[in-house]
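Me: I am new to this structure. Can you take me through its features step by step?

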Amino acid sequence: MESALAGIRVIELGQDIAGGYCGKLLAGYGAEVITVEAPGGRGRIRAEGPFADEAAPGETGAMHLYLNTGKQSVTLDVESVSGTALLVRLLEHADAVVVDGPHPWLDDLGLDHDTRAELFPKLVTTLVSTFGQTGPYADYTSTNLTSFAAGGQMALTGEPDREPLKNGGYQAEYQAGLNAFTATLAGLWAADDTGDGDEIDIAAMEVMASTLEASLNTYCYLQRPALGGRRGNIMSSVIGIYPCADGYLGVHAMPRNWPALARLIEGDDLVTDERFYSQAARLQHEDELRATIYAWAGDKDKREVYAAAGKMRAPVAYVHDMADLYESPQLAARHYFHEVEHPLAGTLRYPGAPAGMSETPWQTTRAPLLGEHNGTVYKGLLGLSDADLSVLHGQGVI
Amino acid sequence: MDLSSELGRATFLKLVPKCDIVIENFRADVLDTLRLGYDELRKVRDDIILISMPGHGKDGPERDYVAYGTNVEQLAGLVSLSGYRDGPPQKSGISYGDPVAGTLAAGMAIAALIARKRTGKGQYIELSQREGLTSLIGEQVLGYDISKQLPERMGNRHPFYAPHGCYPAAGEDRWVTIACHNDDEFQVLCTLIDRTDLAVDERFATANARHANQDALDAEIATWTRTRSREEIFELLAESGVPAAPVWSADELYDNEHLRARGFFEPVWHRDAGAWEMERPLYRFTRRPTRIRMNAPAFAEHNDYVLRELIGLNADEVAQLEAQGVTARVPDMASHQ
């Protein structure tokens with residue numbers, strides 16, 4: 001079957017998580033994504049383990065194997081003069097470029113905004129960073145942690161009596177990457193319509209500030225804080241995470257779900273218990289209801305509760321760890337994991353499509369070896385000769 | 001529009017041919033129960049793009065289970081990774097699954113439009129929210145398949161880098177994050193906090209040593225941060241290339257100098273809400289400036305536009321829909337009690 005983004009060529013620069021995830025999504029849906037890596041593979045994505053083969057860390061780290069699926073890899077020292085020249089030629093052959101990093105990165109190569117617009121009028125350029133391309137913090141360096149703090153999500157995460165907490169993995173960077181994917185497609189759609197490219201500035205800080213639920217909007221509107229600070233694991237008795245015998249249960253009941261939840265916990269008596277029969281009553285007896293749910297959850301088996309809750313349409317799930325994901329009957333039934341073979345990492349089970357497309361489905365193909373596509377790209381696409389390549393190689397440009 | 005009534009369904013099917021995309025956020029079984037699934041929509045517009053975004057997907061043994069945003073992140077695996085070092089799995093501060101699914105759905109819609117333009121075909125997009133979110137922790141999942149070790153919850157720390165934490169600043173409940181990803185950044189940090197002794201201390205000389213002796217290192221850094229304001233710390237470190245940022249709350253972001261300088265907030269006027277400011281569209285296109293084009297609509301504000309202009313009903317037909325309770329001009333608040 002054909003791919004959704006067949007015929008679209010994307011250059012990825014920066015080798016970090018946000019741009020890397022954006023590129024992974026574009027590649028999975030069929031774009032030809034060429035990731036430009038430093039000779040020697042010094043990018044962060046290849047550096048982080050665990051490694052499938054400790055003897056080949058640069059090629060078998062989990063982050064590289066995951067984020068670089070479906071891409072082509074070329075090596076290029078873009079900061080050298082002939083490297084910059086090759087980069088310009090690559091961009092001339094591209095429909096879009098995704099650049100991950102703080103403000104002056106491309107400008108330092110002599111490719112500032114005006115030059116880019118003149119050289120590549122049809123190109124869609126997505127610049128993804130923590131603080132964006134303008135403003136007083138534009139040149140600041142950052143990490144996932146500091147970005148998560150700057151964007152406002154961290155102030156809401158964690159327990160009120162402890163320090164603010166980041167959530168798991170690299171969510172500030174992934175959120176920026178997800179938005180870069182959507183924005184790049186919007187840019188490509190518009191460029192295809194008019195023939196004019198565009199530059200898109202995505203700031204992770206703004207991405208997160210826009211997803212603070214009612215907090216930011218309420219403050220904008222009323223000029224007073226909305227929901228306070230860190231919300232803890234139990235926001236209210238019926239929205240929270242409770243320990244059970246073999247793990248943790250997550251309850252999330254809106255008013256209309258109360259009868260189903262009450263039936264799951266205790267049966268019809270609890271549904272009609274006047275302490276809890278309405279939202280206002282539950283709020284008044286918040287402590288008692290928390291105690292009731294704690295006591296109920298304590299000795300329960302997470303899978304049994306989840307199955308019973310599902311049948312009764314009570315919104316109770318259990319916290320899935322990485323092993324639970326691989327053992328999930330739901331994910332197995334839907335063939336979520338894709339087995340992919342890699343010459344150095346072996347066969348592993350990769351998380352598959354973020355979303356299904358009936359006519360142009362997602363494909364998971366293995367991450368490239370460092371510089372694996374130098375020949376295809378430099379010779380096939382740009383028309384360089386073997387002699388050119390060996391000169392560039394000798395100079396350390398590729 | 002009450003889609004469960006025969007007249008409501010028929011009216012909706014008259015609207016579909018006027019649309020490129022139908023997007024729905026019901027539980028997995030609802031659209032089929034309404035007889036408005038993809039095959040039904042295709043009968044009235046062959047190249048329609050339908051996007052469904054159920055929690056678990058459209059099939060599988062758990063398809064009909066109820067799942068809200070907080071459940072989605074529990075099912076996706078994210079919550080198991082989040083938490084203080086000695087604590088339970090921790091929920092995100094927001095219903096994290098929701099904005100992730102929405103952003104992904106917007107991208108999928110455009111991907112389907114791009115494909116349709118080339119092939120002439122529409123398609124059905126099925127976005128299982130938990131699967132979409134697992135995609136954002138993919139390296140952790142694959143890492144488990146490699147190592148067979150469950151990742152430890154490590155609070156604000158990092159598996160390899162140190163210092164990497166959230167430190168108390170001067171004032172009540174004020175915090176600042178600092179994270180060094182290499183030796184150079186750490187050396188600069190030591191100079192800035194006037195503790196060059198730390199830079200030559202063998203407990204902190206290498207990334208591995210710093211990681212192993214983090215408790216001691218964090219205590220030293222916190223001693224310095226505790227007496228200074230977040231903004232002072234941020235400016236000093238960030239200006240010198242050491243990653244740092246205050247933990248800002250929503251009300252602080254509203255007055256943030258950087259967001260203000262970037263024009264993040266845009267004044268809007270709303271018939272009922274009056275004048276206020278909202279965050280502007282996230283994606284800043286250079287040649288196609290984005291702005292808020294329309295306010296959130298009032299309830300039923302566009303009934304006439306949709307029913308009369310798009311579908312082409314006459315005034316009697318519109319009145320009949322209303323009289324039969326298929327459409328309404330005022331909301332029924334009963335379901336919110």
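Me: In which sense do strand β6 of chain A and β9(B) pair, and over how many bridges?

Reply: Strands of a sheet pair through backbone hydrogen bonds, either parallel or antiparallel. Strand β6 (residues 198–203) of chain A and β9(B) pair in the antiparallel sense, over two bridges. Two strands count as paired if DSSP finds at least two bridges between them. Strands (E, at least two residues) and helices (H or I, at least four) are DSSP runs, numbered from the N terminus. A:I200 stands opposite B:F285 in β9(B).

Me: What should I know about the model and its numbering?

Reply: This is a predicted model: local features need pLDDT of at least 70, side-chain atom pairs count only at pLDDT 80 or more, and totals for chains, interfaces and linings use all residues. Residues are numbered from 1 along each chain as its sequence is written, chains are lettered from A and ligands numbered from 1 in the order in which they are written, and side-chain values use heavy atoms, with hydrogens and water left out.

Me: What is the strand order of the open sheet of seven strands?

Reply: The order is β3(A)-β2(A)-β1(A)-β4(A)-β5(A)-β6(A)-β9(B), with mixed pairing. The edge strands are β3 (72–75) of chain A and β9 (284–285) of chain B; each pairs on one side only.

Me: Which helices of chain A lie across strands of chain A?

Reply: Take α1 and α17. Helix α1 (residues 17–28) of chain A lies across β1 (9–13), β2 (32–37), β4 (96–100) and β5 (124–129) of chain A. Helix α1 runs at about 150° to β4(A). Helix α17 (residues 374–381) of chain A lies across β1, β2 and β3 of chain A, at about 80° to β3(A). Axes are lines fitted to C-alpha atoms, for helices over the stretch in contact; angles run from 0 to 180 degrees between N-to-C directions.

Me: How is chain A divided into domains?

Reply: Domain bounds come from an automatic or database domain assignment. Chain A has domain 1 (9–210 + 336–394) and domain 2 (234–327). Their centres, taken over C-alpha atoms, are 41 Å apart.

Me: How many residues of chain A are in contact with chain B?

Reply: Contact means heavy atoms within 4.5 Å. By that rule, 148 residues of chain A are in contact with 134 residues of chain B. The area buried between the two chains is about 12400 Å², and carbon and sulfur atoms give 61% of it. Buried area is the accessible area (1.4 Å probe) that two parts lose on being put together, summed over both. In chain A, A:R313, A:M322 and A:R334 lose the most area to chain B, together 6% of what that side buries.

Me: How many salt bridges are there between chain A and chain B?

Reply: The count is 15. A salt bridge is a side-chain nitrogen of Lys or Arg within 4 Å of a carboxyl oxygen of Asp or Glu. The side chains of A:R334 and B:E126 meet in one (2.9 Å, N to O). Helix α7 (residues 171–194) of chain A gives the most to the side of chain A that touches chain B, with 18 residues.

Me: Where is the peptide bond from A:G49 to A:P50, and is it cis or trans?

Reply: Most residues other than glycine have a negative phi, and most peptide bonds are trans. The bond from A:G49 to A:P50 is cis, with omega near 5°. A:P50 is in the loop between β2 and α2 (57–60) of chain A. A:Q15 has a positive phi, near 50°.
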